[in-house]
Amino acid sequence: MQEIAEAKSLTLADVAIRLTGRTLLAVSATILPGEVLTIMGPSGSGKSTLLAFAGGFLDPAFEVSGRILVGAEDLTQVPANRRHAGILFQDPMLFPHLSVGGNIAFAIPPAVKGHKARRALAEAALEEVGLGGFFDRDPETLSGGQKARVALQRLLVSAPRFLLLDEPFSKLDAALRQQTRELVFSKAKAAGLPTILVTHDSADAQAAGGRVIEVGSEEEA
Amino acid sequence: MGLQTESPGPVPFGMPLRRLLSGNALLVVILGLPVLAGVAGAILPAFGYLPALGGRDLTLVHLVELARQPHVLRSALTGLAAGLITTFAALAIVGTFVAGFAGTWAFTRIQHLVSPLLAVPHAAAAFALAFLVAPSGFLLRLASPELTGFTRPPDWLVPNDPYALSMIAGLISKEVPFLFLVALAALPQLAVARAARLTAALGYGRVLGFGVSLWPALYRQIRLPVFAVLAYSVSVVDVAIIIGPQLPPTLPVRIAQWAAYPDLDARFLASAGALVQLATVLAAMAIWNVAERFGRIALARLTSSGRRLAEDGALRVAAALLMTGCAVTIFAGLGLLSLWSAAGLWPFPDALPESLTTRTWLRTLPQLRVPLGTTIALALSAALLALLVAILLLYRNGGRKNGAGYRLLYLPLLVPEISFVFGLQILLFSAGVSPAFASVLAVHFLFVLPYVLLSLSAPWRELDPRFERIAAGLGKSPLEILFKVRLPLLFRACLTALAVGFSVSVSLYLPTLLVGSGRLTTITTEAVALASGGDRRVIGVHALVQSLLPFLAFLVASLGPQLLFRNRRAMRT
């Protein structure tokens, strides 16, 4: 077990983010499968930039040194679409031109062949989060909580190698936030995905239950 | 550092091709070369070099011949003055209006009134104005015979007055909506509300408050379009034929006439004219440059003088009235055109026709079938081609406004079309290319692409990048992301860009006339040809059909998403 887990961990090796010469943030950490590393800090502390670096879509204005690895594979120069990073943003970002089911089916890897098989997989994914029968719905007609669940399932069916969560709960109301947090973290753990969570809400960090790195104060836990 | 940047993933082209296709370089090839080739094609024959017609020796005879043409200086100066006055007036109206009303309720209202005016072809707008102000036009009919005593149309030189006043009025009414839209696109980048509060607190009136705080920044953003307006107004042909001076006409009109002479030797004369016209536009730009400098000094003086112009109510009302006036005049004129197209007997000075009839329409429509078909085929192909190229360009450089390359967009709009299009005609003629659909289409494309690209680039930049990041995270390749995410999400913007391109192509007169050598007729060339002594009823039909085409295009652009995404609420608005 330990070996497989090692193979799928996510490593940030001496990652430092600078903007016009000033170091915003420096991190070095290995995140085990199913583990959540929380980066906490105020806006402008470079924490979202870290996610952009990990996801492969960094604004060229930033200078970053260091590497990112999954297991032993160095992803630093790998284009975004070959990294298989599952991303959740503050907004669910469901594609408005596709149906709810279409959003999920879009994410299913091409290895799953056949319209029927893909649709069945998408319907099952919706069923799993209590959205059975929502396949043909317009995403715009869903509630905030429902959208968040669709976004989560869309990400999971794509078979990601790690998760990048960019304050994904901050726009949900209190009751929904607790529920969605539990859902996301339990799914990430069950799927054995190393996860980086970026937030300014300490309740998020607590719920994540992993290590917390506070930035902005230059302090590493 | 060589880390991943915005464009994720491998590039689907090999290295040399990739460099060629890298946005700006491609733009140089597509827009820069033809324009420069066209200018060269006009300049060389001006000095006698045109091997296809046996001209091999450099000579000044053709320029001397041009100078011998009667009233040629007057022709050139009239166009120059009309262009400068038009540009200044349009800019003053738009500037004062934006300064006086940005962020208010009235602003949005007038914006909705003025914006559709942009889609009205120049020729149709000119006819609309002509039908209002002509001696037998509607305004005089309203006032006759009670106020004027006229029972017959007076013998006035209107709308073809020698001072080009009607032409200036027609041009202003079309350039105001253009500059307004350009200013509108620049406004979000300015802190309008904050500057208004700040200057109001200092006791400034709205207009001067805007002027001292935001105008320099706004003007910097719209400067290139202003120069495009200047180049266009100094060199305009179709509007000048319809409502410009006649004895003599402006230089661009005379060049177009020489270029159309059956006697091929007249092309040397036309070339000499095209060269002088190029110089005239350069002179206009130089004068404008000096005027800009004076403007800057005046604004600086005004700013440091401490004057507040707190009571600017009258100025604001005037600007709003002039803005509204442009739209009301042209739309009233278009209404009048429709009335004429269906009018039975309509003697002067009756304000309304005695009867309505479908006779003109029934008689004219069959003749319109071929030009209409050509117009639509040209406009659709040019717009689609331009959209494809625009998407390719934006995809290659990520929608960034990259300095020099991006400015190249304006090149076909800054060089007078009579000069470079005429040059292209000569080049095509020399190369033995006979006028055909393809060559006219190629020239239409040059004029359509800048507008399509300008129309698409703002929505392209503004699309939330997170959609594409998520898709990349899901493992989609850049091309998959383009076709399955970006383009569907920009569907409405693409349709609008198509409609813009379609309208530009429909309204093109000179490129169709020159490159098509009169063998390819469109609704626009037909309409302008009717200008001298044509039957008002037939003109009414032509001008109406001509201005309906762009409106239909924009209608399709706004209904398309409604139909295609009936079931997707977020895609319909």
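## Helix pair in chain B

Axes here are lines fitted to C-alpha atoms, for helices over the stretch in contact, with angles running from 0 to 180 degrees between N-to-C directions. Helices are DSSP runs of H or I with at least four residues, strands are E runs of at least two, and both are numbered from the N terminus. In this predicted model, local features need pLDDT of at least 70, side-chain atom pairs count only at pLDDT 80 or more, and totals for chains, interfaces and linings use all residues. Residues are numbered from 1 along each chain as its sequence is written, while chains are lettered from A and ligands numbered from 1 in the order in which they are written.

In chain B, α23 (residues 491-507) packs against α26 (residues 536-564) at about 175 degrees, the axes 8 Å apart. That makes α23(B) roughly antiparallel to α26(B) (angles over 145 degrees count as such).

## Sheet in chain A

Over in chain A, five strands make an open parallel sheet, ordered β6-β7-β8-β3-β9. Strands pair if DSSP finds at least two bridges between them. β6 and β9 (211-214) of chain A are the edge strands, each pairing on one side only. The twist averages 15 degrees from one strand to the next.

β6(A) pairs with β7(A) (residues 162-166) over four bridges, in the parallel sense. A:Gly86 sits opposite A:Leu163 of β7(A).

## Where the chains meet

Chains A and B each put 27 residues into their contact. On the chain A side, β6(A) gives the most, with three residues.

Definitions and conventions. Parallel < 35°, antiparallel > 145°, perpendicular 65-115°, else oblique. Contact = placed C-beta atoms within 7 Å.
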